[in-house]
Amino acid sequence: MTYADSMTAIAAKRAEMAALGDELKALQAKVEPEAVEDFVLAGWDGPVRLSQLFGDKRDLIVIHNMGTGCPACTMWADGFNGVYDHLASRAAFVVASPNPVATQKQFAKSRGWRFPMVSCEGSQFAEVMRYRHRDDCEEDEADGGWNPGVSIFRREGDQILRVSDAEFGDGDGFCVVFSLFDMLPPDAAWRPKYKYD
Amino acid sequence: MPYADTIAALKTKRREIDVLRAEMRELQGAIEPVPVADYELTGWDGPVRLSQLFGDKRDLFVIHNMGTRCSYCTMWADGFNGVYEHLADRAGFVVSTPNPIATQQQFAKSRGWRFPMVSHEGSSFAKDMGYWQPKSEGRESDMWWPGVSVFQKDGERILRVSDTDLGPHDDFCSVWHFLDLLPEQANRWEPKFRYG
């Protein structure tokens, strides 16, 4: 197919994807939020409640990051770091991982991350949010049964509501790397790393 | 709709998007690339040719950025900056704007950008690539257009293998995808250079 014809066909696919994106928004608009408890998590300055993570915002985006053992989660977080100020202008934005706070601080520093982080170590938070599946995973498995994704919370008086959540994966709208790589000749072997030579 | 049902429906819808994405990759794989000239652009150390922007990579991304006056383009670039090392592992990655080099350098520094930049001021590059729109009905003046072009080195030749324009809710900026999950969604939110 000629370049121009391919571009027209690809633009049509992108338009179809955008139309599905509009359907996503319409579905999201009809959600009945679920009430969640005010979990205690480990913040960098001591225990912190989910309700405190909102700061002065009404909405809160919590990233379920699998921690320092996951190069893909790390790449997604690198991307969030780039647009952190934009996100934080609209909603509070916090990255939660299962690492102890000391490990988290060291890793965040090594990557230049600017967003606030909390540890969900020892809390039921990730499990209740369905971003940890102990049942289908051995306790000593490398990934610990954690799943990557995002939960969106809304403060409604004294209540905390979850209004949405989504799992992360290659080609999602939450990491631009695979979207750009989809424009290259395929290389299925490429995987994110912590550092490149 | 109950929360769990909504999330399940969203998941199904996202899988449909994944199917379309796979179809798009197939279309991309079957493309006949077009040869392009070895444009001379302005790099931070002097004139630079498109062919030199590849570094040691076979593929090259060039972002068509509208420059320092566009807060949207700036937000997209902030996102690319976050994942720059990941991108640069696979291909050359360069951001091109119409600003003069001095302006570009100052702006990049103010935002902490780490990716290489070139200026296409005085070159027909952006226009030839389709990222310049002439004055027309509903458009008061000529304007640059945001997008991305992908090039491949083929011996002495440079081929363009893909391009697409950039805009809100595309897959090249994660911010809108997060906003879409908020109760009021994007709701007239617009990116700014700085927030109070």
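**Figure 1. Strands β2 and β6 of chain B.** In this predicted model, strand β2 (residues 40-43) and strand β6 (residues 117-119) of chain B are antiparallel partners, joined over two bridges. Within this pair, B:G43 is the residue that stands opposite B:V118 of β6(B).

**Figure 2. The open sheet of chain B.** The sheet of chain B is open and has eight strands with mixed pairing, in the order β1-β10-β9-β4-β5-β6-β2-β3. The edges are held by β1 (34-36) and β3 (46-49) of chain B; each has a single partner strand, so one side of each is left without a neighbour in the sheet. From one strand to the next, the twist averages 40°.

**Figure 3. Chain B as a whole.** Chain B contains six helices and ten strands. Along the principal axes, the C-alpha atoms of chain B fill a box of roughly 60 × 45 × 40 Å. Of the 196 residues in chain B, 40% are buried. When contacts in chain B between residues at least 6 apart in sequence are considered, 58% of them join residues at least 24 apart.

**Figure 4. The side of chain A that touches chain B.** Contact between the chains involves 60 residues of chain A and 60 residues of chain B. On chain A, the elements that each supply at least two residues to this side are α1 (3-29), β4 (59-64), α2 (71-82), α3 (84-88), β7 (149-156), β8 (159-167) and α6 (176-181). Helix α1(A) gives the most, with 17 residues. Sorted by class, the side of chain A that touches chain B has 32 nonpolar, 13 polar and 15 charged residues.

**Figure 5. Helix α1 of chain A against helix α1 of chain B.** The axes of α1(A) and α1(B) (residues 3-29 of chain B) lie 10 Å apart, and the helices pack at an angle of about 175°. Because of this angle, α1(A) is roughly antiparallel to α1(B). Residues of α1(A) that make the contact include A:A9, A:I10, A:M17, A:L20 and A:L24. On α1(B), B:A9, B:L10, B:I17, B:L20 and B:M24 are among the residues taking part. The contact of α1(A) with α1(B) comprises twelve nonpolar, four polar and seven charged residues.

**Figure 6. Helix α2 of chain A against helix α2 of chain B.** Helix α2(A) packs against α2(B) (residues 71-82 of chain B) at an angle of about 145°, and their axes are 7 Å apart. The crossing of α2(A) past α2(B) is right-handed. From α2(A) come A:D78, A:G79, A:N81 and A:G82, which meet B:D78, B:G79, B:N81 and B:G82 of α2(B). This contact has no nonpolar residues; six are polar and two are charged.

**Figure 7. A:R130, with a positive phi.** Most residues other than glycine have a negative phi. A:R130 is not a glycine, yet has a positive phi of about 70°. The loop that holds A:R130 runs between α5 (125-128) and β7 of chain A. A:R130 is partly exposed, with 15 other C-beta atoms within 10 Å.

**Figure 8. B:Q185, with a positive phi.** Although B:Q185 is not a glycine, its phi is positive, at about 55°. B:Q185 is found in the segment after α6 (175-179) of chain B. B:Q185 counts as partly exposed because it has 14 C-beta neighbours inside 10 Å.

How values were computed: Residues are numbered from 1 along each chain as its sequence is written. Chains are lettered from A and ligands numbered from 1 in the order in which they are written. This is a predicted model: local features need pLDDT of at least 70, side-chain atom pairs count only at pLDDT 80 or more; totals for chains, interfaces and linings use all residues. Two strands pair if DSSP finds at least two bridges between them. Helices (H or I, at least four residues) and strands (E, at least two) are DSSP runs, numbered from the N terminus. Axes are lines fitted to C-alpha atoms, for helices over the stretch in contact, and angles run from 0 to 180 degrees between N-to-C directions. Two residues are in contact if their C-beta atoms, placed from the backbone, lie within 7 Å. Ala, Val, Leu, Ile, Met, Phe, Trp, Tyr, Cys and Pro count as nonpolar, Asp, Glu, Lys and Arg as charged, and the others, Gly among them, as polar. Angles under 35 degrees count as roughly parallel, over 145 as roughly antiparallel, 65 to 115 as roughly perpendicular and the rest as oblique. A residue is buried if 20 or more other C-beta atoms lie within 10 Å of its own, exposed if 12 or fewer, and partly exposed in between; C-beta atoms are placed from the backbone. A crossing is left-handed if the near helix is turned anticlockwise from the far one by less than a right angle, and right-handed if clockwise.
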